[in-house]
Amino acid sequence: MTFSTVQRLQFNRSGRALDAEYVQRLPRVHCTQCKSLWAKGSVGYPAWDIAHLERLGVRFGVYETVDEVEMERMRRIIQRELGPIYCPPGTGFGHLSGRAGYPLPDFCSGNGIFASDRAIEALASEGCELVIGKGELKRGKKVITSHRPLQFPAMPLATEESLDAGDYERCKFCGIIFGRKIVPSAEGVHVFRRDLIPVNASAIVEAVSCTILVSDEFAYAVRKHALTGIEVIPWNRFED
Ligand SMILES: [Zn+2]
């Protein structure tokens with residue numbers, strides 16, 4: 001299977017990202033080793049509510065700060081429930097709600113991706129398996145019934161070699177990766193591991209670069225049904 005990368009997702013009418021926010025967000029980390037204070041806002045799972053894990057010691061709140069040992073303890077609790085998912089500091093879970101202008105394209109984004117029912121139907125009709133999240137957008141007090149959040153799995157796919165070739169530094173304690181080339185273009189330095197992509201995945205977020213990869217069926221559906229707010233181009237930088 002080949003993949004395309006999503007080059008553009010449309011924000012709302014004013015050009016700003018949607019102000020959507022998750023009902024649960026993991027705290028940020030203050031690393032005792034590298035001294036970084038960080039959270040990753042771009043990873044979220046709107047289909048999975050984990051409020052019940054609070055009684056097991058998982059804490060929420062983006063303005064909460066924990067150290068890397070505590071973050072790892074909470075991560076283990078979450079992964080025991082949901083499997084080996086990627087959940088860095090700041091990961092969002094559960095109901096995703098926010099505000100949007102008008103008119104909305106088929107795809108719009110900002111702390112999550114919303115798609116129109118038309119787009120969801122078109123993707124499903126071309127064989128894409130989608131996970132629909134919980135949440136909604138509002139315009140004023142009115143709920144927008146045409147769009148729903150999609151949940152794309154997130155995971156690091158960039159190879160060690162391609163990270164080393166970029167201008168990155170990594171902390172082995174808290175896992176932060178920082179550097180000047182933090183947002184690569186499709187022509188950028190990154191090479192992704194194909195073997196980590198789940199079988200039948202229609203879309204996946206490469207977690208280091210926040211690159212969205214979509215399957216052939218997804219890209220085909222975007223073109224055939226002229227879905228708006230999204231632009232996809234072929235991606236071929238996979239490890240041999
Ligand atoms: Zn660190």
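View 1. Leaving aside neighbours within four places in sequence, Phe 152 is in contact with Ile 113, Ala 203, Ile 204, Val 205 and Ile 212. Here, contact means that the C-beta atoms of two residues, placed from the backbone, lie within 7 Å. This is a predicted model, where local features need pLDDT of at least 70 and side-chain atom pairs count only at pLDDT 80 or more, while totals for chains, interfaces and linings use all residues. Residues are numbered from 1 along each chain as its sequence is written.

**View 2. The largest nonpolar core.** This core has 54 residues, and Phe 152, Val 214 and Phe 218 have the most contacts inside it. Helix 4 gives the most to the core, with four residues. A nonpolar core is a set of buried Ala, Val, Leu, Ile, Met, Phe, Trp, Tyr and Cys residues joined through C-beta atoms within 7 Å. A residue is buried if 20 or more other C-beta atoms lie within 10 Å of its own, and exposed if 12 or fewer do.

View 3. Helices are DSSP runs of H or I with at least four residues, and strands are runs of E with at least two, numbered from the N terminus. In helix 2 (residues 117–125), Ala 119, Ala 122 and Leu 123 are buried. They lie on the same side of the helix because they cover an arc of only 95 degrees around the axis, taken from the directions from the helix axis to the C-beta atoms. The face turned away from them carries the exposed residues Asp 117 and Ser 125.

**View 4. What covers helix 2.** Strand 8 (107–109), strand 9 (113–116) and helix 4 (216–224) are among the elements covering its buried residues.
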